[in-house]
Amino acid sequence: MAEVFRSIVLVGLPGSGKSTVGRQLARRLGLAFLDSDHVIEERLGCSIRTCFELQGEQAFRDLEEATLAELVQRPDVVLSTGGGAVLREANRRVLRRHAWVVYLKASPEGLFRRLRHDTTRPLLQVDDPLHKLRELHAVRDPLYREVAHHVLETGRPSVSNLVAHIAMQWEQRALAGTGHGPVDGPGC
Ligand code: S3P
């Protein structure tokens, strides 16, 4: 018998709304909300930006891998992940296996408009953040698609519309008797 999905994971580029959407979605569905970056910062005792500066990106990715593997096994949560969570194959495997994964898709230009004054994201503290976002999108869009059971375009809809859409898909899956279980075919 197929394993039952009891949790939702949100993936997508920085600024795509994973935390904002995730928090509201969890409230709407009566699930707990977790943000893997916040958990990592609590464990580190400092910001991710400081971690990148002091220990380097690979040390952060190691901690991210261990944290995701743990958090995704918790039942009844909406888990928002860091934008680079999909880079490691082990992460993609564990996320897709244990949760219904939704990709919040956004254009680099739209993200740039939202993030141009941001100082918290280490990868975007560069001379040309738009160029960086385009690079991240080119590398990661195929990986987000690979891990996701469902892809959602975030460009125009409001946060509450995005939340309503995801909640409806989640509830329809339950009603359709898929049991929120891993899909055999190309499910969404
Ligand atoms: C990262 C995105 C960040 C955070 C870290 C690395 C990335 O999360 O995990 O700075 O590689 O894109 P957000 O997507 O929440 O900004």
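Biologist: Let's start with one cysteine: is Cys 46 buried, partly exposed or exposed?

Modeller: Cys 46 counts as partly exposed, because its relative accessibility is 25%. Bear in mind that this is a predicted model.

Biologist: How should I read disulfides here, and how many does the structure hold?

Modeller: The general idea first: a disulfide is a covalent bond joining the sulfur atoms of two cysteines. In this structure there are 0 disulfides.

Biologist: Now the ligand. Which residues are closest to it?

Modeller: The ligand is surrounded by 13 residues, and Lys 18, Asp 37, Arg 61, Arg 121 and Arg 140 are the closest. By type, the shell has 5 charged, 5 nonpolar and 3 polar residues.

Biologist: What distances do the ligand's oxygen atoms show to Asp 37, Arg 61 and Gly 83?

Modeller: Look at which part of each residue takes part. For Asp 37, a side-chain N or O atom is 2.7 Å from a ligand oxygen; for Arg 61, the side-chain distance is 2.6 Å. Gly 83 uses a backbone N or O atom, at 2.8 Å. The protein covers 93% of the 390 Å² of accessible area that the ligand has on its own.

Biologist: And which pocket does the ligand take up?

Modeller: The ligand's space is the largest pocket.

Note on methods. Residues numbered from 1 in each chain as written. Predicted model: local features only at pLDDT ≥ 70, side-chain atom pairs only at ≥ 80, totals over all residues. Heavy atoms only, no water. Near = heavy atom within 4 Å. Polar contact = N/O pair within 3.5 Å; in protein donor to acceptor, adjacent residues only side chain to side chain. Areas by Shrake-Rupley, 256 points an atom, 1.4 Å probe, with all protein chains shown as cover. 1 Å grid on protein atoms, 1.4 Å probe; cavity = no way out; pocket = protein on both sides within 12 Å on 5 of 7 lines; lining within 4 Å. Sits in = over half its atoms within 2 Å of the grid points. Nonpolar A, V, L, I, M, F, W, Y, C, P; charged D, E, K, R; others polar. Disulfide = S-S within 2.5 Å. Buried < 20%, exposed > 50% of the residue type's maximum accessible area, 1.4 Å probe, protein only.
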